[in-house]
Amino acid sequence: MGSVFQSFQEGFPTFLMYTGTAGLMLILAVVVYILLTPWKELALVKGGNGTAGLALSGAIVGLAIPLASCLASSVSLLDLVLWGVVSLILQLLAYRLTDLLLKDLPERIKNDEAGAAIVLIGTKLASAMLLAAGLWDPVLQRL
């Protein structure tokens with residue numbers, strides 16, 4: 001039983017450091033995403049627009065998926081930060097492209113059209129899963 005506590009005692013600070021770093025990176029990426037979108041999601045959500053809430057929730061989960069992949073397969077804190085930044089930049093670029101391709105999306109979100117948000121969420125989650133798969137290293141070795 002002592003080895004369990006010793007393992008926890010040694011591993012818990014590392015867990016907090018890695019998870020806290022990933023959490024901070026996610027928060028920063030969400031802020032950047034909110035600044036990049038042509039509609040003001042937080043204001044719309046506060047005003048009762050459920051579609052804006054769906055779109056923002058999809059974005060948060062979509063940003064977290066590739067970052068979680070980096071967290072799971074990183075071999076050091078620097079590795080997590082480097083690949084995490086790469087994953088977040090790529091995901092933000094994919095989001096921006098999606099936002100540009102889906103015409104009239106800002107207006108449709110403002111008008112609380114759930115269909116637009118559902119397509120947006122689907123494309124964001126699909127790109128997140130592809131990025132996560134590309135970033136995940138099951139043997140914990142980078143090229």
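Reader: Where is Asp112 placed?

Author: Asp112 sits in the loop between helix H5 (105-110) and helix H6 (114-135). This is a predicted model: local features need pLDDT of at least 70, side-chain atom pairs count only at pLDDT 80 or more, and totals for chains, interfaces and linings use all residues. Residues are numbered from 1 along each chain as its sequence is written, and side-chain values use heavy atoms, with hydrogens and water left out.

Reader: What makes a stretch a helix?

Author: A DSSP run does (H or I, at least four residues; strands are E, at least two), numbered from the N terminus. By that rule, the protein has 6 helices and 0 strands. Read along the sequence, the pattern is α-α-α-α-α-α.

Reader: Why is Asp112 called partly exposed?

Author: Buried means under 20% relative accessible area, exposed means over 50%, and partly exposed is in between (1.4 Å probe, protein chains only). Asp112 has 39%, so it is partly exposed. Its phi is near 65°, a positive value in a residue other than glycine.

Reader: How do you know that Arg108 forms a salt bridge with Glu113?

Author: A salt bridge is a side-chain nitrogen of Lys or Arg within 4 Å of a carboxyl oxygen of Asp or Glu. In Arg108 and Glu113, the closest N and O atoms are 2.9 Å apart, so the pair qualifies. The count by this rule is 1 salt bridge. Arg108 is partly exposed at 34%, and Glu113 is partly exposed at 32%.

Reader: Why is Ser74 called buried?

Author: Ser74 has a relative accessible area of 11%, which is under the limit, so it counts as buried. Ser74 lies in the loop between helix H3 (50-73) and H4. Ser74 and Asp137 are 63 residues apart in sequence and 8.1 Å apart in space, C-alpha to C-alpha.

Reader: What makes Thr51 buried?

Author: Its value is 2%, so Thr51 falls under the cut-off too. Thr51 is in helix H3. From Thr51 to Gln9 the separation is 42 residues in sequence and 44 Å in space, C-alpha to C-alpha. Buried residues make up 34% of the 143 residues in the protein.

Reader: What makes Gly11 the site of a kink?

Author: The bend at a residue is the angle between axes fitted to the seven residues ending there and the seven starting there. At Gly11 in H1 the kink is about 35°, shortly before the proline Pro13. The buried residues of H1 include Tyr18, Met25 and Tyr33.

Reader: Why does Trp83 count for the nonpolar patch?

Author: Patches are made of residues with over 30% relative accessible area and no salt bridge: like charges are joined within 9 Å, nonpolar side chains (Val, Leu, Ile, Met, Phe, Trp, Tyr) within 5 Å. Trp83 is partly exposed at 33%, so it passes the area limit. Trp83 is found in helix H4 (residues 77-101). Other members of the patch include Leu78, Val86 and Leu93. Together the patch has about 780 Å² of accessible area. Areas come from the Shrake-Rupley method with a 1.4 Å probe; for residues, only the protein chains shown count as cover.
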